[in-house]
Structures are given as C-alpha cells and as structure tokens.
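Q: Hi, I'm new to this one. Could you walk me through it?
A: Happy to, let's take a look together.

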Amino acid sequence: MLRLASVLYSLISTTLAGTFVVAALVMGQDTLQPIVIAAALGFVAALPVTWLVAKAMVER
C-alpha cells in the first residue's frame, strides 16, 4: 500500500497545492508569502487524503 500511496501522493499533492494557490490568488493574496503558505498547506492536506484514497483502493 505504501507504493500506491506514494504514487497517489504525487498526483493528489500537486492538485491540492495548485488549487490552494489559485484560491489564494482569487482572494487577492498575490505576494510570495501567501502563495508559498497556500502551496505548503496543499501538500500537507494531501497526506490524509492520500491515505484515505489508497485505503479505499486497497479494500476493493
């Protein structure tokens, strides 16, 4: 399951980080610090999402 989770993390983390960055830009946060924070939050938020998706895929 770890190999599956690592592949999924590479996809899910970039998607969530990009989504968070776009959300920050839409809110008018267009300097470096809010964009980097949004990207970092996306990478961190991807950890539990990846675990849940991998677990659901292995159980089926």
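A: Let's start with serine 13, which sits in helix α1. Bear in mind that this is a predicted model.

Q: Is serine 13 buried or exposed, and why?
A: Serine 13 has a relative accessible area of 2%, and buried means under 20%, so serine 13 is buried.

Q: And what does serine 13 touch?
A: Leaving out residues up to four places away in sequence, serine 13 touches Gly42, Phe43 and Ala46.

Q: How do α1 and α2 cross?
A: The axes of α1 (residues 2–26) and α2 (residues 32–59) come within 6 Å and cross at roughly 145 degrees. The crossing is right-handed. The contact between α1 and α2 has 25 nonpolar residues and four polar ones, with no charged residues.

Q: Which residues of α2 are buried?
A: They are Pro34, Ala38, Ala39, Gly42, Ala46, Thr50 and Ala54. These buried residues of α2 pack against α1.

Q: Tell me about threonine 50. What is it in contact with?
A: Threonine 50 belongs to helix α2 and counts as buried because its relative accessibility is 4%. Neighbours within four places in sequence aside, threonine 50 is in contact with Ala5, Leu8, Tyr9 and Ile12.

Q: New topic: where is the kink in α2?
A: The kink lies at leucine 47, shortly before proline 48, and is about 30 degrees.

Q: How many residues does α2 have, and how far does it reach?
A: α2 has 28 residues and reaches 41 Å from first C-alpha to last, close to the 40 Å expected.

Key: Residues numbered from 1 in each chain as written. Predicted model: local features only at pLDDT ≥ 70, side-chain atom pairs only at ≥ 80, totals over all residues. Heavy atoms only, no water. Axes fitted to C-alpha atoms, helices over the stretch in contact; angles between N-to-C directions. Helix = DSSP H or I, 4+ residues; strand = E, 2+ residues; numbered from the N terminus. Left-handed = near helix turned anticlockwise from the far one by under 90°. Nonpolar A, V, L, I, M, F, W, Y, C, P; charged D, E, K, R; others polar. Buried < 20%, exposed > 50% of the residue type's maximum accessible area, 1.4 Å probe, protein only. Contact = heavy atoms within 4.5 Å. Expected span 1.5 Å × (residues − 1). Bend = angle between axes of the 7 residues up to and from the residue.
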